[in-house]
Amino acid sequence: MTSAEVAMLRAGGADRGSRNDVRRWWRARSVRLKLTVWYMSAVLVVLVVYAACLLWALRSTASRGLDERLRGDFRWAAEMAEQRPDGTLTWFETSSADDEDLPWLQVWSPSGALLFKTAAVARLPIAESGSLAARADNSIEIVRRPVQAPPVRVLSGHSKVAGQPVVIQVARTEAVLRQNVRDLLFLLLLGLPVAVAVAGIGGYSLARRALAPVERIAERARSVTAERLGERLPADNPTDELGRLTGVINDMLERLESSFAQMRRFTADASHELRTPLTAIRSVGEVALRGQRDAAEYRGVIGSMLEEVDRLGCLVDRLLTLSRAETGEARLSLELVDLRELVVQVTSHLAVLAEEKRQTLEVQPGGAPCCLADRSVLRQALINLVDNAIRYTPPGGAIQIRLSESPEEAAIDVADTGPGIDPAAAAHVFDRFYRGPDERSSEGSGMGLGLAIAKRAVEVHGGHVTVQSRVGSGSTFRISLPRANAEGRATSRAPELV
């Protein structure tokens with residue numbers, strides 16, 4: 001590589017570095033400054049375009065006016081001719097030969113002889129006048145002159161004076177036209193910086209006024225912390241762009257406040273649920289160490305401790321299941337699932353629990369609906385609902401599992417004859433660790449995670465779980481899932497993978 005090529009590469013690298021520096025500087029500027037610069041640039045472009053159009057319009061109008069005056073001079077020259085007594089032609093002149101107001105005029109004979117000229121011809125000689133007269137065609141020609149001298153427009157045309165054919169030639173300089181254009185250009189150049197400066201001041205003021213609500217929003221947003229999530233951002237006009245943005249942020253803060261409150265409740269409930277088996281293990285261990293015991297007593301103590309460990313492990317497993325589902329770490333293994341077959345398997349698995357309480361566990365099939373789902377995940381959700389029904393249905397009660405289908409959805413209803421759910425509590429039955437006031441004091445009432453897990457398991461398949469209940473008349477939990485055809489395709493929305 002030659003030294004010249006190396007120098008060119010270095011120069012190119014320096015140019016790119018300079019452009020990158022300019023970009024970084026521009027990105028670091030405030031929105032107010034950027035808006036002002038863009039506004040000034042837009043005004044400058046508009047003014048430049050307007051000035052160019054104005055100059056073009058002025059020049060075009062002045063040019064047409066000059067051509068009209070030139071044709072007027074031609075008509076005047078044809079009308080002001082006089083014939084002397086000897087038969088020669090002359091033109092009437094109102095002033096002396098040195099009058100500067102007389103038009104530039106030459107009259108030629110058809111043979112090319114100069115018959116007449118005004119004093120203006122001597123002041124403004126045109127070397128090409130003879131050749132222009134020789135090819136007179138009533139058109140206007142622009143004759144360029146030496147540097148610093150304005151061009152001249154010449155009109156040469158045939159006419160008749162006293163019956164004699166002649167060539168009349170008139171001319172006018174573009175000096176006045178160019179002077180008018182220069183004067184206008186000077187005014188525009190003088191006013192353009194002033195207009196841009198005024199636009200910059202106005203643009204900065206407008207940007208400052210328009211962004212003032214943003215500063216207030218930012219100032220209020222700084223005061224929002226985890227302990228003050230109840231704060232909301234002000235909105236001067238809820239219907240404009242900033243107002244809608246403020247509404248979106250306030251909605252987000254409301255969701256965050258709800259999530260933080262739910263997280264605090266979850267932490268408190270989880271701590272309570274985890275503390276219970278740990279306290280039991282510690283108490284049993286401390287009692288066992290107070291005195292000498294035989295092998296059977298120690299075996300009983302260890303068995304009691306293992307029961308609490310099992311409960312603790314089950315709680316942790318369920319919490320991990322919910323956590324993985326909500327964070328997207330779980331993956332579904334989708335397949336075509338026959339819901340009727342799944343319901344039969346679940347009822348066979350839990351029939352022994354119903355028999356212990358002398359309950360009737362019955363399946364009422366309604367067709368053979370299918371869905372695209374992870375069999376094990378969906379099976380766990382159904383087990384949780386049926387187990388919940390068995391748990392809260394009194395001895396001798398009845399539990400029915402009904403299947404139904406529509407063109408788009410398949411449904412599984414788990415109905416029991418339990419005590420029902422209070423309307424105020426029905427809105428929270430799917431919350432983690434939620435149990436009614438009577439359930440917390442009852443032994444073996446569960447950990448309050450089964451329904452939450454069931455709800456999440458159905459939702460990740462694109463379905464939903466609802467409950468209908470009346471106090472004293474039992475409850476009905478419904479699982480609704482998108483149906484699938486025989487080819488394993490969902491007939492409505494596709495399941496959502498997590």
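**Side-chain contacts**

Tutor: In this predicted model, a search of the whole structure turns up one aromatic pair. Phe430 and Phe477 make up the pair, with 6.0 Å from centre to centre.

Student: What is the geometry of the pair formed by Phe430 and Phe477, given 90° between the planes?

Tutor: Planes over 60 degrees apart fall in one class. With 90° between the planes, the pair of Phe430 and Phe477 is edge-to-face.

Student: How many residues apart in sequence are the parts that Phe430 and Phe477 tie together?

Tutor: Phe430 sits in the loop between α10 and α11, while Phe477 belongs to strand β14. The pair therefore links parts whose separation in sequence is 47 residues.

Student: Is Phe477 buried or exposed?

Tutor: The cut-off for buried is under 20% relative accessible area. Phe477 has 3%, so Phe477 is buried.

Student: Which residue does Arg478 meet in a salt bridge?

Tutor: The whole structure holds nine salt bridges. In one of them, at 2.6 Å from N to O, the side chain of Arg478 meets that of Asp413.

Student: Which strand holds Asp413?

Tutor: Arg478 lies in strand β14, and the pair ties together parts 65 residues apart in sequence. The partner, Asp413, lies in strand β12.

Student: Which helix holds both Arg456 and Glu459?

Tutor: Arg456 and Glu459 form a salt bridge, with their closest N and O atoms 3.8 Å apart. They are three residues apart, about one turn of the helix, and both lie in α12.

Technical notes:
Residues numbered from 1 in each chain as written. Predicted model: local features only at pLDDT ≥ 70, side-chain atom pairs only at ≥ 80, totals over all residues. Heavy atoms only, no water. Phe/Tyr/Trp six-rings, centres within 6.5 Å; stacked < 30°, edge-to-face > 60°. Helix = DSSP H or I, 4+ residues; strand = E, 2+ residues; numbered from the N terminus. Buried < 20%, exposed > 50% of the residue type's maximum accessible area, 1.4 Å probe, protein only. Salt bridge = Lys/Arg side-chain N within 4 Å of Asp/Glu carboxyl O.
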